[in-house]
Amino acid sequence: MSKRRSRTISLLLGWVALSIVLAGCWDRLELEERAVVLGVAIDTADPEAEEEESPITHLSGRFPVPDERMIRLTVQIAIPGKIPLGPGEGGGGGKGESGQTVWVIAVTGHTIDDALVNLQQQVSGRLFYGHLRVIVVSEAVAREGMENLNDYLRRNSEVRRMAWMMVSQGKAEDLMKATPQLERVPTLYLISTMDSAVRMGKLPENYIGMFWSNLSKLGQEAFLPYVRMRKEQNIEINGLAYFKGEKMIGKTKPLEIGTYMAIKGLNPAGYRGFVRLERPPGMVTIFATSRRAAMQVRIVNNEPKFTVRMFTEINLEEKLNNDFDVNSSDVLEEIQRENRKQLAKAAKALIEQTQRNGSDIFGFGEYLRAKKPRYWDREVKTYERWQSMYKNVSIEVDVDSRVRRIGMKAN
């Protein structure tokens with residue numbers, strides 16, 4: 001009897017395990033039943049938006065709504081069967097209306113979640129964010145504060161931490177409606193622009209997960225790419241938008257992205273610049289090829305003093321007149337000397353700009369917390385205290401530079 005009972009129990013357990021394996025697709029959802037969101041843009045809504053809002057999440061006058069200004073949310077939704085899957089594939093359509101690869105739709109709401117609920121009311125398929133790759137926020141929204149947006153995206157398990165978030169000059173909605181000539185899917189063009197800029201040394205790698213990580217640090221502020229759309233429907237990386245807490249507080253110029261990367265020692269280097277020579281008089285164009293940087297801190301009179309040491313290797317790209325010989329060691333030394341002066345001046349100016357705004361995007365506070373933990377625990381302790389201290393902290397910049405190549409000349 002015991003053998004028979006044991007065999008029966010084993011058989012039942014086997015059937016249970018088999019039924020679990022065979023039921024693996026019980027919660028499947030067909031691709032055609034999903035509305036795949038590729039990109040999202042957030043703008044401030046017009047004053048009359050509340051009057052035009054449909055009573056989907058609340059009834060006017062009966063349920064409380066947030067006091068904040070309403071937002072306008074624009075999304076790109078992939079059209080099934082229209083997205084090209086590889087080089088040369090047409091994606092199921094030709095030019096004109098039938099060749100559209102995405103559907104752009106805009107809604108308003110009191111919060112990001114409220115707007116998406118309103119959007120779901122207009123879309124037959126369930127909204128799916130697993131392929132969301134680009135989030136564009138207008139400068140107006142970024143300066144008012146991004147607490148609600150960051151909180152919602154962080155809590156949504158479908159949102160990838162490798163997506164790009166950026167701040168746009170002007171309306172973010174325009175980037176969702178762009179029609180670039182180099183890519184049939186506008187969102188893919190934005191992704192390609194960002195990824196190519198990182199590979200070419202035009203932009204530091206800064207995905208949305210890294211942005212959130214910097215937001216949570218006690219001794220560092222966050223930044224995002226600052227972009228604008230040109231008349232030809234192409235996107236220009238126009239600087240870095242840097243934050244103080246959840247609010248955008250300032251922005252850099254495009255060339256200052258290279259300065260930031262030099263201070264941090266980020267590679268590859270990808271920016272060019274002019275160097276004016278005094279003896280002999282002339283001008284050349286140089287191109288930074290690689291960088292190194294190191295940060296040091298010491299406590300003097302109970303105050304932290306930082307030193308940033310930078311080294312850059314440069315190539316000579318262009319000589320703008322023929323009155324001097326770049327093969328001369330004296331001329332090369334003059335180029336190196338002038339480049340050191342210019343880079344040191346640019347680095348000091350950028351650091352002072354962020355100090356005036358109280359936004360430590362370089363992570364001096366995190367370095368202090370790591371290297372001088374006792375001082376931090378005794379004198380700084382909090383994020384707010386470091387924000388106040390950063391405005392007056394002493395930071396010295398020491399720059400070295402070497403000309404590595406001057407190119408070839410065919411006679």
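Arg340 comes out as buried, at 19% relative accessibility (buried is under 20% relative accessible area, exposed over 50%, partly exposed in between; 1.4 Å probe, protein chains only). All of this rests on a predicted model, where local features need pLDDT of at least 70, side-chain atom pairs count only at pLDDT 80 or more, and totals for chains, interfaces and linings use all residues. Residues are numbered from 1 along each chain as its sequence is written, and side-chain values use heavy atoms, leaving out hydrogens and water.

Arg340 pairs up with Glu333 in a salt bridge, 3.7 Å from N to O (that is, a side-chain nitrogen of Lys or Arg within 4 Å of a carboxyl oxygen of Asp or Glu). Glu333 itself is partly exposed, at 32%. Both belong to a salt-bridge network that also takes in Glu334, Arg337, Asp400 and Arg402. The structure has 19 salt bridges in total. Another one joins Arg404 to Glu313, with the closest N and O atoms 2.6 Å apart. This pair bridges distant parts of the chain, 91 residues apart, with Arg404 in strand E13 (residues 394–405) and Glu313 in strand E12 (residues 303–319); strands are DSSP runs of at least two residues (E), helices of at least four (H or I), numbered from the N terminus. Here Glu313 is buried at 16%, while Arg404 is partly exposed at 48%.

Turning to the helices, H8 (residues 208–215) buries Ile208, Phe211, Trp212, Asn214 and Leu215. Down the axis of H8, these buried residues fall within an arc of 160°, so they line one face of the helix (the arc is that of the directions from the helix axis to the C-beta atoms).
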